[in-house]
Amino acid sequence: MPTHVIEKNPSDERATLLAFVEAQRGGLRRAVLGLTDEQAALKPSASELSLGGLLKHVTQAERNWLLLAQGRADETGHDESEWADGFRLLEGETVAGVLAHWEQVAAETEKFIHSVPSLEDTFPLPPAPWFPADARVSMRWLLLHLVEEIARHAGHADVIRESLDGKTAFELVALAAGEDGA
């Protein structure tokens with residue numbers, strides 16, 4: 001991660017964890033900086049991953065975890081048969097649209113986390129073969145999982161972007177800051 005999270009208040013764990021989530025979001029957002037939708041859809045390796053697809057996946061993942069934590073159902077009607085579509089931009093979807101949606105999801109995540117009485121409050125994990133039956137996790141776990149999920153894909157995005165045009169994460173940080181970046 002070429003940016004550093006500065007802890008503003010050591011006693012505010014929520015803000016610190018949210019700052020780490022936001023730092024990872026920034027890595028993914030910067031990965032598409034200056035690219036067209038067509039460039040963001042490219043898959044420059046043997047992987048099926050593209051930058052646009054990673055943005056879409058991470059947005060959906062954060063939203064799904066938020067809905068779980070809130071005890072709300074996903075009203076989109078998507079099911080497992082559409083799983084692969086979550087990793088690519090479909091007809092009519094754009095990087096700008098996904099980024100705007102992610103901004104809304106991020107704002108909702110932060111509002112929700114600030115509204116819960118405690119980071120020790122829990123919610124049930126969904127039934128899945130990879131989760132223990134009847135397991136519950138805390139809001140703290142949710143934030144740490146978001147850091148993990150987003151950071152994993154931010155790393156993928158770094159490799160994809162560098163494969164597309166040679167720009168590294170450090171150059172993209174400079175570009176985002178308005179510096180030359182070259």
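User: Before we look at any residue, what counts as buried here?

Analyst: Good place to start! Buried means under 20% relative accessible area. Keep in mind that this is a predicted model. Now take Val95, which lies in helix H4: its relative accessibility is 8%, so Val95 counts as buried.

User: Which residues does Val95 touch, leaving out those up to four places away in sequence?

Analyst: Val95 touches Val32, Asp37, Ala40, Leu55 and Leu89. For a sense of distance, Gly26 is 69 residues from Val95 in sequence, and their C-alpha atoms are 14 Å apart in space.

User: How should I read the packing of two helices?

Analyst: Two packed helices are described by the angle between their axes and the distance between the axes.

User: Which residues of H3 and H4 meet?

Analyst: On the H3 side they include Leu55, Val58, Thr59, Glu62 and Leu66, and on the H4 side Val95, Val98, Leu99, Trp102 and Val105 are among them. By class, this contact of H3 with H4 has eleven nonpolar, four polar and four charged residues.

User: At what angle do H1 and H4 pack?

Analyst: Helix H1 (residues 13-31) packs with H4 at about 170 degrees, with the axes 11 Å apart. Angles over 145 degrees count as roughly antiparallel, and H1 and H4 are therefore roughly antiparallel to each other. From H1, the contact uses Arg14, Leu18, Glu22, Arg25, Leu28 and Arg29, while H4 brings in Leu99, Trp102, Ala106, Thr109, Glu110, Ile113 and His114. Sorted by class, the contact of H1 with H4 has six nonpolar, two polar and five charged residues.

User: And what is the crossing angle of H4 and H5?

Analyst: The axes of H4 (residues 95-115) and H5 (residues 139-165) cross at roughly 155 degrees and come within 11 Å. That makes H4 roughly antiparallel to H5. The crossing of H4 and H5 is left-handed. Trp102, Thr109, Phe112 and Ile113 of H4 meet Met139, Leu142, Leu143, Leu146 and Ile150 of H5. The residues of this contact are eight nonpolar, one polar and no charged.

User: What backbone feature does Asp134 have?

Analyst: Asp134 has a positive phi of about 60 degrees, although it is not a glycine. You will find Asp134 in the loop between strand S1 (122-124) and strand S2 (136-138). Its relative accessibility is 78%, so Asp134 counts as exposed.

Definitions and conventions: Residues numbered from 1 in each chain as written. Predicted model: local features only at pLDDT ≥ 70, side-chain atom pairs only at ≥ 80, totals over all residues. Heavy atoms only, no water. Axes fitted to C-alpha atoms, helices over the stretch in contact; angles between N-to-C directions. Helix = DSSP H or I, 4+ residues; strand = E, 2+ residues; numbered from the N terminus. Parallel < 35°, antiparallel > 145°, perpendicular 65-115°, else oblique. Left-handed = near helix turned anticlockwise from the far one by under 90°. Contact = heavy atoms within 4.5 Å. Nonpolar A, V, L, I, M, F, W, Y, C, P; charged D, E, K, R; others polar. Buried < 20%, exposed > 50% of the residue type's maximum accessible area, 1.4 Å probe, protein only.
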